[in-house]
Amino acid sequence: MAVRIIRLRLWASALLMVLALIVTIFFFLTAGEVFFVSPLTATTTTTTTSAAAAAAAPATTTVTSTTPTTPHDEFAAPRLNLWKDLSEEEVIDVLRYLHTAPNTLNLTAAINATLRDSFVHGIELARPPKTSAQAFIQGATQLPPRRWARVAIHHGTSDEVYWDEYLVGPLPVSQETSVQPLPYPHRTDLDHARNLVPDSLSFKQWPYSIAREVADITQDLLGSTINDGEAQSGLNADGLELSFRDPWVEDGHILRWCSFQRAGTHAEAGTLLPQGLYVKLDTTTRNPENWKVLHWFYNGHLYNSTEEFRAAWQSPGFEKLPPNYDGVWTTIEDFSTQEPGREKPAPTMIQPGGPRYLIDREQQYVSWMGFTFYWAFAQATGITLFDVRFKGETIMYELGLQEAMAQYAGSDPMQGAVAYLDSFFGMGRAMFELVPGYDCPTYADFLDTMIYDAERSQKRRKTICLFEYTADYPLQRHSTSFYVTVSRNNYLVLRTTAVVGNYDYTVDYIFYLDGSIEVKVRASGYIQGAYYIPGESEKYGYRVHDRFATSMHDHVINFKADLDVLGPNNTLMKVGVEPQGRSFPWSEGETLHTMGLNRTTVEIECGLNWTANSQGMYIVVDAQSSNAWGEMRGYRIMPGSGIGTPSHLTFSGSKSLGKAASWALNDLWVTRQKDDEERSASPRNAFNADSPMVDFSQYLDEENLEQKDLVIWFNLGNHHVPHSGDIPNTLQHTSASSVIFSPFNFHDRDPSRASSQGVRLELPVSNPDNTLSASYFGHHNQHGLMLQESDIVPNLSDYGAVEHQVRKFPYTEDMLAM
């Protein structure tokens with residue numbers, strides 16, 4: 001009986017295998033499920049093939065496995081990521097300590113707090129000082145730097161509301177742990193940042209009540225009334241909303257201009273729908289009963305009170321402007337028009353063999369073609385790279401975003417003076433889920449980020465993507481009379497997109513095979529513009545709809561590059577390309593017009609601009625190191641691809657910016673590295689522009705720079721003058737800006753020769769048999785490559801899944817499992 005059962009089981013197993021084989025064959029032959037590219041198969045050896053023989057060979061039906069070999073699980077970073085954000089356990093530990101240990105913070109649990117309490121606003125890692133981190137990395141110390149938390153606290157118990165930041169550590173919490181005020185560099189007169197919107201709920205409700213008081217006026221002038229500011233749904237799409245300029249302090253008063261605009265709820269295009277009506281408010285003190293209306297502005301006239309504005313409106317001859325209506329013109333997508341070819345498949349990049357890079361997701365570490373780096377996340381600035389190396393040699397200690405600024409110009413109270421400092425809103429907090437197949441290739445690796453806000457954790461899915469790509473142009477090519485050689489241009493991209501208000505900023509860190517690194521920013525989204533006034537709007541932009549005009553503005557986006565070219569001691573060289581008149585022994589006494597190089601050292605801390613006609617090069621070198629030819633090894637800093645040379649501010653002395661963005665006045669800056677000069681800006685600068693928490697101008701104290709630890713603070717951006725092509729959305733290829741760090745005498749030869757893939761074609765004239773032959777270097781595909789639908793078609797079924805928010809205090813152990 002036992003033998004019979006075993007035989008039955010064997011027959012059953014065999015039958016199941018046959019059925020599985022049939023199903024598999026059916027699956028592979030079903031249209032739309034698997035795509036065959038019959039002339040191709042994978043090979044990794046260098047081969048020489050007669051082109052004629054290859055052309056005559058029959059097509060093979062060999063099927064090779066398409067399951068990518070993904071060694072990520074086995075790959076490990078060489079050391080801990082010292083800059084990785086706090087774990088959930090660490091956050092819970094810190095919050096429990098803050099709420100239970102004796103201190104003077106007087107905190108209320110965020111879940112129970114009101115704006116009149118003190119509570120934890122945000123928490124993240126206080127990144128270790130460079131000197132401590134480098135001591136561990138270089139082996140001078142055996143233990144990594146102790147970890148500390150950086151905690152932002154909203155203090156709402158007094159009449160003047162402010163934010164403070166504290167350091168809590170060392171972690172894990174022990175008898176050594178303490179709470180210390182976070183020191184700001186070069187600042188002694190003020191130790192906290194004032195919050196100019198102390199009661200955000202009242203601040204929204206009160207201006208909306210003012211708008212309701214003039215509902216009869218807005219109905220007559222604008223064709224609508226204000227939407228209920230407290231409503232959560234059912235808003236009138238043609239109703240009015242208020243757009244607010246950031247507040248500022250003048251003679252002790254907190255002032256703010258507000259603009260009436262249509263809601264634009266169908267496409268959330270409110271910044272395209274200003275109505276030309278503005279109100280100026282005084283919101284000094286926390287008590288709305290003390291607030292008042294200062295001015296109304298309409299059609300070029302300033303009114304000193306609501307009563308004066310109402311009286312003018314009721315007077316004969318009051319000139320009314322046509323409303324700026326919403327409509328299909330604000331809708332981004334066009335589902336009706338079909339240009340020829342739109343319905344056909346477009347070319348698509350694929351990665352059938354799996355990634356060539358390696359990721360340690362736990363330590364946030366990447367390796368690709370000689371490059372290695374760690375990455376870390378911060379709520380204000382997004383992604384920063386650390387310990388960037390090429391072929392084991394140090395290039396940069398740190399590379400990351402610092403601040404993004406936009407300053408507008410126009411003739412109305414909003415466009416005429418508004419400026420935004422986007423780290424206040426959080427360039428990291430504004431990173432949302434990327435769309436596979438559109439934001440990034442379908443085959444990209446997607447990474448998550450975690451935000452700790454108001455004692456909750458928020459997991460943001462797929463906010464980072466990492467992928468390799470092949471450019472549409474070669475890395476290198478050359479043709480001669482007897483051969484042609486061409487190399488593919490492959491590069492690695494780490495990408496994020498931050499959605500800050502009306503703009504979507506895509507930030508790329510791009511790595512090239514020769515050791516170059518490009519930092520690139522592209523912008524898209526709805527522009528912010530002005531109500532169209534004939535004869536006036538043309539001074540600052542262009543008319544692009546019936547009653548809407550564009551507003552010129554500067555985008556200046558600041559990055560920090562702490563270069564360590566072969567080590568921390570570097571020198572910045574400026575090499576000028578200059579016209580010269582010179583005679584030579586062979587010119588027979590004649591002075592010839594020519595050009596030459598002028599090498600100078602940038603000796604002290606300063607701001608620099610890109611040279612006119614690109615007649616200058618900035619190169620960070622290690623003056624104590626040379627290549628095989630005796631030249632100092634270095635990295636050149638230069639404008640990259642985009643719409644032009646990256647810009648800086650058009651004018652200085654902005655009342656809105658004050659001293660908060662002095663870094664934007666030049667294209668790039670060079671300073672000595674100091675542990676306490678960690679960032680060029682602070683998110684708290686937005687409300688303290690005249691006395692910012694971080695005043696970058698204080699970093700420049702004329703210190704000597706020769707063979708010192710240097711930091712380059714460089715700007716990306718452009719002078720954006722939107723036109724009709726920016727409606728409804730700005731296009732990314734017309735708003736791109738980048739800077740490239742490229743090896744300059746760093747190597748003895750171009751290192752990409754060892755990692756690029758390509759082909760050398762020996763022309764028939766060079767072969768005895770008068771045939772063409774091909775020699776491949778690196779991998780190439782030849783026969784039987786198979787593609788699955790998932791290699792091309794992105795799976796969007798789980799996009800936008802509900803993000804998990806888990807309370808961290810009061811905390812119970814079951815919450816972490818959530």
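Tutor: Let's start with the second largest cavity, whose lining is made up of Y505, V521, A523, H555, I557, G717, N718, S735 and S737. A cavity here is a set of points on a 1 Å grid over the protein atoms alone where a 1.4 Å probe fits but cannot get out, and a lining residue has an atom within 4 Å of a point. Keep in mind that this is a predicted model: local features need pLDDT of at least 70, side-chain atom pairs need 80 or more, and totals for chains, interfaces and linings use all residues. Residues are numbered from 1 along each chain as its sequence is written, and side-chain values use heavy atoms, without hydrogens and water.

Back to our cavity: β27 (517-525), β31 (553-563) and β38 (710-720) each give at least two residues to its lining; strands are DSSP runs of E, at least two residues long, numbered from the N terminus. Its lining has 4 nonpolar, 5 polar and no charged residues (Ala, Val, Leu, Ile, Met, Phe, Trp, Tyr, Cys and Pro are nonpolar, Asp, Glu, Lys and Arg charged, the others, Gly among them, polar). The space inside comes to about 50 Å³.

Now for the largest cavity, at about 70 Å³. Around it sit T381, G382, I383, L401, M427, M431, T496, A498, V507 and Y509. Two or more of those lining residues come from each of β18 (382-390), β25 (490-500) and β26 (503-512). By class, this lining counts 7 nonpolar, 3 polar and, again, no charged residues.

Note on methods: On a 1 Å grid over the protein atoms alone, a cavity is a set of points where a 1.4 Å probe fits but cannot get out, and a pocket is an open set with protein on both sides within 12 Å along at least five of seven lines; lining residues have an atom within 4 Å of a point. Grid points are joined across faces, edges and corners, and a volume is the space filled by probe spheres set on the points. Helices (H or I, at least four residues) and strands (E, at least two) are DSSP runs, numbered from the N terminus.
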